[in-house]
Amino acid sequence: MRILVTGKNGQLGRSIHKLVNTDTKIDNNQSSNDFIFVGRGELDLSSENSISHYFDNNNKFDIIINCAAYTQVDKAEEEVGLANQVNHLAVKQLAGIASKQQAKLIHISTDYVFDGESDKPYLETDTANPINVYGKTKLSGEQALQAVMPMNAIIIRTSWVYSEYGNNFVSTMLRLGKEREELNVVSDQIGSPTYAADLVEMILTIIDHESFRRMGQKTQIYHYSNAGKCSWYEFAKEIFSLKKIECRISPITTDQYKTLARRPKCSLLDNKKIEKKFSIKLKHWKDSISACLNRV
Ligand SMILES: NC(=O)c1ccc[n+]([C@@H]2O[C@H](COP(=O)([O-])OP(=O)(O)OC[C@H]3O[C@@H](n4cnc5c(N)ncnc54)[C@H](OP(=O)(O)O)[C@@H]3O)[C@@H](O)[C@H]2O)c1
């Protein structure tokens with residue numbers, strides 16, 4: 001097995017690296033030697049030539065897991081071309097290469113493909129309607145992938161990803177909580193935080209599943225987040241409570257917190273399809289944030 005993981009320095013890439021190198025839960029069918037991790041140094045998704053060059057000069061892969069993405073939601077409003085190249089055109093090119101190599105492709109997408117106006121969790125079949133550039137480019141990537149690779153790929157849409165690595169909501173709250181005496185956090189955006197380590201376990205379960213191993217399976221979209229829901233404010237309160245941080249925290253509305261990109265009000269994903277297909281039980285976000293903070 002040769003499994004390529006892109007975005008090796010990102011939250012998800014690093015979480016995969018950690019799990020496959022240290023965790024005994026990794027199935028006998030794989031070994032850590034099967035995984036090849038690449039960052040933008042080896043495979044720059046902003047350049048069509050870099051992508052072609054990388055695959056022309058390496059042996060074929062059995063599975064490609066695309067964890068790389070342009071993820072700076074506000075900056076994407078100004079860097080539309082670059083965000084579109086990385087999140088859309090590069091994904092199309094990767095799908096073409098995977099198809100030619102008869103490799104399976106697992107691609108990660110986002111709740112931000114939805115407009116957030118729903119009052120219930122989004123199903124995979126609900127109409128996407130992104131309200132910011134990042135969401136638009138991620139949706140274009142999904143659509144291009146499905147057109148090029150109608151078989152043998154999986155798109156996992158996830159939400160509010162955090163981990164012990166890099167910059168994310170949790171690391172920001174831990175920093176601000178120590179620096180400040182009070183903090184305002186948005187309370188009218190609702191979602192399910194997703195611990196990257198849990199998402200990695202999900203990806204490894206998929207890779208190991210007999211239906212994924214078979215070629216000729218129709219490309220599928222799955223939603224995956226931790227269970228339960230909260231606002232950013234409630235999430236921050238839980239982080240402070242678990243870490244015994246005494247910073248006072250107050251709820252504010254989205255209107256009171258100006259950002260370049262608009263954010264969906266409801267980011268909830270309905271996870272029943274993935275739970276049923278792979279017979280998994282989602283961990284609750286409160287259990288997962290506790291597990292993550294124990295490792296920070
Ligand atoms: N974070 C979230 O809240 C969230 C929510 C929903 C969905 N997702 C999706 O989940 C996936 C993983 O996200 P994450 O949180 O792990 O993101 P992340 O920590 O920002 O990592 C993204 C990685 O992509 C790499 N990258 C960016 N531009 C690149 C380029 N031109 N060529 C090659 N690599 C490039 C970055 O490289 P450098 O390290 O060199 O910058 C980084 O390592 C992404 O598809 C994202 O859209 C994330």
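## Naming the elements

Helices (H or I, at least four residues) and strands (E, at least two) are DSSP runs, and their numbers count from the N terminus. With those labels in hand, we can walk through this model, which is predicted. We begin at glutamine 189, which sits in the loop between β7 and β8.

Is glutamine 189 buried or exposed? Its relative accessible area is 7%, and because buried means under 20%, glutamine 189 counts as buried. Its side chain makes a polar contact with the side chain of tryptophan 232 at 3.0 Å. A further polar contact, at 3.2 Å, joins the side chain of glutamine 189 to that of threonine 254.

If you set aside the neighbours within four places in sequence, the residues in contact with glutamine 189 are Trp160, Cys230, Ser231, Trp232, Thr254, Arg263, Pro264 and Lys265. Keep Lys265 in mind, as this lysine returns below in a salt bridge with aspartate 188.

## Salt bridges

How many salt bridges does the structure hold? There are 13. Side chains of opposite charge can pair when their charged atoms come close.

Lysine 286 and glutamate 238 meet through their side chains in another salt bridge, with an N to O distance of 4.0 Å. Because lysine 286 belongs to helix α10 (residues 285-295) and glutamate 238 to helix α8 (residues 232-243), the pair ties together parts that are 48 residues apart in sequence. Lysine 286 is partly exposed, with a relative accessible area of 40%, whereas glutamate 238 is buried at 17%. Salt bridges with shared partners also join Asp198, Glu201 and Lys283 into one network.

Where do arginine 175 and glutamate 179 lie? Helix α5 (residues 169-179) holds both of them, 4 residues apart, which is about one turn of the helix. Arginine 175 is partly exposed at 44% relative accessible area, and glutamate 179 counts as exposed at 54%.

## Around the ligand

The ligand has 25 residues around it, and those that come nearest are Arg40, Leu45, Thr71, Tyr134 and Lys138. By type, the shell divides into 11 nonpolar, 10 polar and 4 charged residues. Which elements each supply at least two residues of this shell? They are α1 (11-22), β4 (104-110) and α4 (133-148). The largest share, 3 residues, comes from β4.

For glycine 10, a backbone N or O atom is 2.9 Å from a ligand oxygen. Arginine 40 places a polar side-chain atom 2.8 Å from an oxygen atom of the ligand, and tyrosine 134 has a polar side-chain atom 2.6 Å from a ligand oxygen. How much of the ligand's accessible area does the protein cover? On its own the ligand has 900 Å² of accessible area, and the protein covers 82% of that.

Terms used
Residues numbered from 1 in each chain as written. Predicted model: local features only at pLDDT ≥ 70, side-chain atom pairs only at ≥ 80, totals over all residues. Heavy atoms only, no water. Near = heavy atom within 4 Å. Polar contact = N/O pair within 3.5 Å; in protein donor to acceptor, adjacent residues only side chain to side chain. Areas by Shrake-Rupley, 256 points an atom, 1.4 Å probe, with all protein chains shown as cover. Nonpolar A, V, L, I, M, F, W, Y, C, P; charged D, E, K, R; others polar. Buried < 20%, exposed > 50% of the residue type's maximum accessible area, 1.4 Å probe, protein only. Contact = heavy atoms within 4.5 Å.
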